[in-house]
Amino acid sequence: MKIAMSKSFNPLNWLPRISVMDWYIVKELMGPFLFGVGLFTSVAITVGALFELVRRVAESGLPYGAAIEIFMLQIPYFVVLAFPMSMLLATLMAYSRMSSDSELVALRSCGVSVYRLVIPAVILGLVVTALTFPLQELVVPAANYRATLTLDKALKRETPLFQKGNIIYTEFRTNDKSANETLARFFYAEEFDGKRMKGLTIIDRSTPGLNQIVSSESATWNPSQNTWDFFNGTAYIVAPDGSYRNIVRFEHQQLKLPRTPLDLAAKARDFKEMNIAQALERLELIKSSGDEQQIRKLMVRIQEKYAFPFVSMVFAIVGAALGTQPRRSGKGTSFGISVVVIFTYYVFSFVTSSMGVKAVLSPILSAWLPIAFGFGIGGVLLVRAASR
């Protein structure tokens, strides 16, 4: 009676049971996966970072201590890049080895389907995908930004943390009658030294029936009153019919304008140094600049950040489907197939990304089309493997 009660009230009974076969396949996958992470990370960081750091040490006098710190900070970025490739190599090597040793034939003769055989690979792909998200969002951007700051400090670069000139901000409003957007404000500053903007031209059409053009020698942001202080300028009041209504010259005048131009002038991090939240904040700022190409490029890159972790899932399914094909092949063949698949996928991704930036594809479609295409190819390969 007590035994029956303990079984019925066991809180672990709801957990799925992992079979011996699943544990065996996962064990077969983990070795090649960890090997792939080490291999692809080493190759990528050597080509992408080490050679450049050695050149800077030799030519620019970069201290050894700073070079080592930068090298260590760049490792997380390349580890994340290696995850999908390692997933492909692991599934190909594990399932190809089991196929060449007739283990898959034995399992299928016992009634185990191909779809059931690839479940451990799919689960491992999900785990890697889930691991990629926090690394990509929390670790990689912070490490990349710290590496940039360390490099600039070590080389004693005097890189300003702001845009020096040509600061443009546009603001639109919706017309109540036609529902079309019309220009409300236009802000242009020729120069910026970090505190004071110079050579300003402002067109203000925010008040219906009152248009004004302000030309000013300089302006500063007044944080205590949330206004702009303009100095040594002229305000032209324009009537609705386009004629001048009044001209006012001033030495100092305050205007109620947004501080957005100041935020736009702040130097933005490189995209690899931003997480999705920071990229979305930057997107909202540059939308007011009117630079459609930069806006679309950032929208594409944001969608690619969302899509990238799922590449591990794509490669897990494609690699498992290819690995279950009957063949007599070694590790060299699996590695060769991995290189071909990786090259093909990333070339296709590069093409769709470029099409998204050029407005041929929407940002969402340009980022997610390779993922959808990869899942489709993996599904077709699985169906073919199951029909044999």
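At 12% relative accessibility, Asn222 is buried, where buried means under 20% relative accessible area, exposed over 50% and partly exposed in between, with a 1.4 Å probe and protein chains only. The model is predicted, so local features need pLDDT of at least 70 and side-chain atom pairs count only at pLDDT 80 or more, while totals for chains, interfaces and linings use all residues. Residues are numbered from 1 along each chain as its sequence is written, and side-chain values use heavy atoms, with hydrogens and water left out.

Asn222 sits in strand E4; strands (E, at least two residues) and helices (H or I, at least four) are DSSP runs, numbered from the N terminus. Apart from residues up to four places away in sequence, Asn222 touches Thr227, Asp229 and Gln254, a contact being heavy atoms within 4.5 Å.

Strand E4 covers residues 210–222 and also holds Thr220. Thr220 is buried too, because its relative accessible area is 17%. Beyond its neighbours within four places in sequence, Thr220 has contacts with Lys195, Arg196, Thr227, Trp228, Asp229 and Phe231. Lys198 is 22 residues from Thr220 in sequence, and their C-alpha atoms are 9.1 Å apart.

An unreviewed UniProt entry lists residues 29–51, 71–93, 114–135, 306–323, 335–355 and 367–386 under "transmembrane region"; its positions follow the numbering used here, feature names are shortened, and annotations may be inferred rather than shown by experiment. In the model, residues 29–51 are 100% helix and 0% strand, with 32 Å between the end C-alpha atoms. Residues 306–323 are 83% helix and 0% strand, and their end C-alpha atoms lie 28 Å apart.
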